[in-house]
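This briefing walks through a protein structure topic by topic. Please keep the sequence and the 3D view open while you read.

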Amino acid sequence: MGRYHSSFQQTLWQLQITFAPDEYLELLARHSQPGDWLNSRVEIASYWDKLPRYLIARCPLCGVRFTNRADTHSLFMWGDSTGGRGRALSAHPENTVPCAHFVGVQKFINLNGNIPMELDYFPQAWGDVPVITPELLLHTAQTGVVMHSLPICRVERGAFTPKYVVYLLTYYAESPSAAHKAGGGGWTLFTASQHAGHDPRVGDLPYWVELGKLHWLDLDDPTLPLKSGPTSDFPYAGIQGVGGSYTYRKRPKPRWQWLDRSWHPDGVIYNSSENEVLARPSW
Ligand SMILES: [Zn+2]
């Protein structure tokens, strides 16, 4: 398995490993209960403060860097129920709004055709194929969005191995409050992958580069400068995936096979209502 976009190889050099695999797996095992996730002071020191810091975007209006601590060792912290709710990549207390133009950051976790069988459950409401939210860009002239990507690992044969990718879209506007209003505000601020089916513009990333609204960090330069063109240099055209919201889940073996013909011991990727199979391991 594994279907990797051409940009994946270019993004790998950014990866920072800050845990030993055994130490990391032990830490996750201790905190596998939802709601009981790394809040104490000891946990902040042993987990949060050891996370690597990444450059996520540069403001197209003022140039200020947007950095975040994020856990690229595994998918564990990237499910819908955890994380920074459009303000950051994770709930790390250091992750704050970088400049007066920051509107929000959206994450699209793409599994690159891999089944995340190291987990039991992994919901992704926004989907895996990055799309643009036009309302956040077209409400006024002074707006922009910056695209970037980071590899995400899992532990394979005792080593952190990059398997997945997070595509990041960080929105900026002269007036973030006007952008929030235009985008509907709060958790509904961003458009999900499946909207590309209703409005082809939202999934046509090169179109937004042409318009001068979509920028990216240049993966070919170790200083990751902001790039705005030409469109032929844009590294993220043609990203593939299930194309909508998805939920990976392991289920107990059904008592009779006919009750759940899609069942697989390593789990299945469903649509968000979990009534349609989008991808499954081969037998
Ligand atoms: Zn700014």
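Two residues are in contact when heavy atoms of theirs lie within 4.5 Å of each other. With that in mind, please remember throughout that this is a predicted model.

**Nonpolar cores**

- Isoleucine 109, leaving aside residues up to four places away in sequence, touches Leu75, Trp78, Phe122, Gln124, Gly127, Asp128, Ile152, Val165, Val166 and Tyr246.
- The largest nonpolar core is made of 59 residues, and Ile109 is among those with the most contacts inside it, together with Ile132, Met147, Tyr171, Leu214 and Tyr236.
- At least two residues of this core come from each of several elements, including strand 3 (102-110), helix 4 (135-138), strand 5 (143-156), strand 6 (159-173) and helix 7 (205-210), and strand 6 gives the largest share, with nine residues.
- As background, nonpolar side chains in soluble globular proteins tend to be buried together.

**The zinc site**

- The zinc ion has as its protein donors Cys59 (SG), Cys62 (SG), Cys99 (SG) and His101 (ND1), which lie 2.1 to 2.4 Å from the ion.
- The arrangement of the four donor atoms is tetrahedral, because the angles they subtend around the zinc ion are 103 to 117°.
- Along the chain, the donors follow the spacing C-x2-C-x36-C-x1-H, and because cysteine 59 lies in the loop between strand 1 and strand 2 (65-69) while cysteine 99 lies in the loop between strand 2 and strand 3, this pair ties together parts that are 40 residues apart in sequence.
- Cysteine 59 is buried, with a relative accessible area of 2%, and cysteine 99 also counts as buried, at 12% relative accessibility.

- Most residues other than glycine have a negative phi, and most peptide bonds are trans.
- The peptide bond that runs from glycine 229 to proline 230 is cis, with omega near -5°, and proline 230 is found in the loop between strand 8 (226-227) and strand 9.

Conventions:
Residues are numbered from 1 along each chain as its sequence is written. This is a predicted model: local features need pLDDT of at least 70, side-chain atom pairs count only at pLDDT 80 or more; totals for chains, interfaces and linings use all residues. Side-chain values use heavy atoms; hydrogens and water are left out. A nonpolar core is a set of buried Ala, Val, Leu, Ile, Met, Phe, Trp, Tyr and Cys residues joined through side-chain atoms within 4.5 Å. Buried means under 20% relative accessible area, exposed over 50%, partly exposed in between (1.4 Å probe, protein chains only). Helices (H or I, at least four residues) and strands (E, at least two) are DSSP runs, numbered from the N terminus. Donors are N, O and S atoms within 2.8 Å of the metal (3.2 Å for Na, K and Ca); water is not among the atoms, so sites may look incomplete. Four donors count as tetrahedral if all angles lie between 85 and 135 degrees; four count as square planar and six as octahedral if opposite donors are over 155 degrees apart and all others between 65 and 115; anything else is irregular.
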